[in-house]
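Hi there,

Here is the structure I promised to send over. Have a look at it first, and then read on for my notes on its salt bridges.

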Amino acid sequence: MAFDGITVAGLVHELKHTIEGGRISKIAQPEKDELLFTIKNYKDSYRLLVSASASLPLLYLTDANKPSPLTAPNFCMLLRKHIGNAKILEVSQPGLERIVELKLEHLDEMGDVCRKRLIVELMGKHSNIIFCREDGTILDSIKHISAQVSSVREVLPGRAYFIPQTTDKSDPLTITKEQFLEAVCGAPMPTAKALYSKLTGISPVMGEELCHLASIDGDLSANGLSEAEGVHLYHTFARTMEDIRAGAFTPNILYEGIDPEGSAELPDDPDRSSDQEGACRQEEGPLTDWSEGEPVEFAVLPLTCFEGKTYSARSFSSVSSMLQTYYASKNTITRIRQKSSDLRRIVQTALERNQKKYDLQEKQLKDTKKRERYKIYGELLNTYGYGIEEGAKEFTCLDYHTGTDVKIPLDPQMTARENAQRFFEKYNKLKRTYDALNGLIQDTKREIDHLESISAALDIALQEADLVQIREELMEYGYIKKRYFKGKKPKVTSKPFHYLSSDGFHIYVGKNNYQNEELTFKLATGNDWWFHAKGMPGSHVIVKAEGKELPDRVFEEAGALAAYYSKGRDSEKVEIDYIQKKSVKKVAGAAPGFVIYHTNYSLVATPSCRLKEVT
């Protein structure tokens with residue numbers, strides 16, 4: 001979600017209860033467009049991170065410190081000079097704008113009390129941090145905006161600060177019912193779009209949420225709503241604004257591809273059963289205590305428009321912890337994708353090449369199906385060919401294999417025996433092609449399966465260490481050139497995922513083919529249980545039975561993990577094969593992690609990862 005006005009309102013509400021009344025004890029500028037304030041308020045100390053980055057504008061409280069440059073930038077030096085020990089009188093937000101203003105009080109060189117304003121604008125590429133006098137005169141800013149850059153407003157020392165009104169939007173906190181019905185419900189555009197286009201600080205997601213709360217389709221035109229629907233939408237909107245004024249915020253993050261209370265159905269084993277539980281769990285706690293997918297949205301109000309979908313909502317005690325967790329998760333996922341981009345490109349190129357080869361081989365194999373017909377033509381010509389007239393272009397005779405008449409095309413320049421010989425030659429050529437293609441197609445299919453398993457391993461890699469074994473496997477099978485290290489080879493520190501089931505059983509999940517191989521044939525013993533998504537690339541999941549009978553819930557949880565760590569992660573349901581490890585056999589000469597088994601149980605699981613990871 002964008003850093004919208006409602007999120008800023010939640011953040012301002014939090015800052016009022018933490019840093020308001022405190023004193024700035026330290027100011028640092030670790031990045032070109034980023035400031036880090038240390039604020040002491042009574043016995044508590046806080047760090048306030050403020051970023052005016054065009055790609056990622058931020059403002060939140062954090063526990064993390066950042067190294068500062070040896071020489072402080074000019075803007076940082078100016079702030080230290082004026083507000084190095086200033087008291088924060090007030091933290092405010094004008095309307096529902098994406099702006100946070102800190103009113104500061106300090107003593108000048110003469111010992112007189114002065115007041116200043118530090119204004120943080122969180123507006124995407126237009127974000128800025130502006131330092132002003134009490135009357136609004138700009139002293140300096142972290143980004144200078146001249147008239148050549150913006151015709152709307154200059155941000156330069158000596159200029160007067162004002163909030164640019166570039167769009168005709170109303171303040172949601174002060175708009176009346178009549179104004180709302182006229183501005184929003186009279187707009188010739190989808191209702192959800194009308195909400196965020198006509199009202200300040202409303203994001204597209206919140207526009208959809210307001211429509212969902214009012215039971216209105218957000219894609220319907222706003223000016224097509226009935227009077228009753230328009231009034232109901234306004235009352236829904238007004239209740240939300242009341243929650244914002246009252247500070248009733250519930251910071252939460254939605255994670256993709258997880259059904260936290262997901263269950264597994266076991267249709268093939270009548271002795272087992274499963275319970276269908278709720279669709280969403282609210283959870284608090286540090287990031288390390290939670291196994292999540294990719295974060296897709298954050299909000300300071302509940303997002304009910306995502307109900308019924310495979311998303312997990314995790315709630316937080318503060319807006320700052322929500323933002324810190326969200327952007328840390330996003331940064332981790334973005335960084336690992338950048339690190340693995342070269343491997344993904346190699347795998348995808350090889351996969352596309354082999355898929356094209358496989359399609360061509362399948363087409364050639366299909367063409368060989370006519371070989372038996374040529375053999376029959378040759379045999380029939382040898383049997384009945386004595387009656388064919390010279391120069392005939394076709395010959396009809398009884399096929400003694402089927403008891404029906406068959407029409408045989410002939411080359412009029414050849415005799416019956418020569419035509420028969422021609423058909424036998426075609427048959428032998430196609431037969432040789434068929435025999436050769438069968439082996440080639442199997443080899444190509446095995447290579448495709450291997451590459452898809454590597455692609456699946458790249459999808460679940462969370463750290464740079466997880467890529468080491470994947471790179472080694474690609475080198476071993478010739479997809480990338482082997483490296484000869486002068487010193488020590490990169491140490492393999494990546495380990496399989498290790499979870500603890502609700503009933504205390506240890507569950508292990510392989511992150512790549514080498515780990516799958518190790519789990520199945522080294523860690524697991526004969527009576528341990530083995531799980532894998534049916535007919536698709538995925539991780540081997542091992543449940544250590546330790547000589548005990550597993551409860552049904554363990555099968556469900558292990559099946560959910562096998563579904564989640566497979567190519568079917570985004571599906572609603574995935575079929576899972578499970579069997580005791582003693583029935584799983586290694587395929588001779590196959591790539592690591594490839595196994596065979598002949599009898600197994602099956603269950604249908606919802607992809608989820610709701611267990612606590614053991615560290």
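A salt bridge here is a side-chain nitrogen of Lys or Arg within 4 Å of a carboxyl oxygen of Asp or Glu. Please keep in mind that this is a predicted model. By that rule, the count comes to 19 salt bridges, and I picked out a few for you.

Let me start with Lys-511, which forms a salt bridge with Asp-466; their closest N and O atoms are 3.2 Å apart. This pair links distant parts of the chain, 45 residues apart. Lys-511 sits in the loop between strand E17 (506–509) and helix H12 (513–523), while Asp-466 belongs to helix H11. Both Lys-511 and Asp-466 are buried.

Salt bridges with shared partners also join Arg-344, Asp-459 and Lys-567 into one network.

Helix H11 (residues 466–476) also holds Arg-471. The side chain of Arg-471 meets that of Asp-342 in a salt bridge, at 3.4 Å from N to O. Here too, distant parts of the chain are linked: Asp-342 is in helix H8 (residues 341–367), and the two partners are 129 residues apart. Asp-342 has 23% relative accessibility, so this residue counts as partly exposed.

Arg-245 is partly exposed, with a relative accessible area of 44%, and Glu-242 is partly exposed at 47%.

Conventions
Residues are numbered from 1 along each chain as its sequence is written. This is a predicted model: local features need pLDDT of at least 70, side-chain atom pairs count only at pLDDT 80 or more; totals for chains, interfaces and linings use all residues. Side-chain values use heavy atoms; hydrogens and water are left out. Buried means under 20% relative accessible area, exposed over 50%, partly exposed in between (1.4 Å probe, protein chains only). Helices (H or I, at least four residues) and strands (E, at least two) are DSSP runs, numbered from the N terminus.
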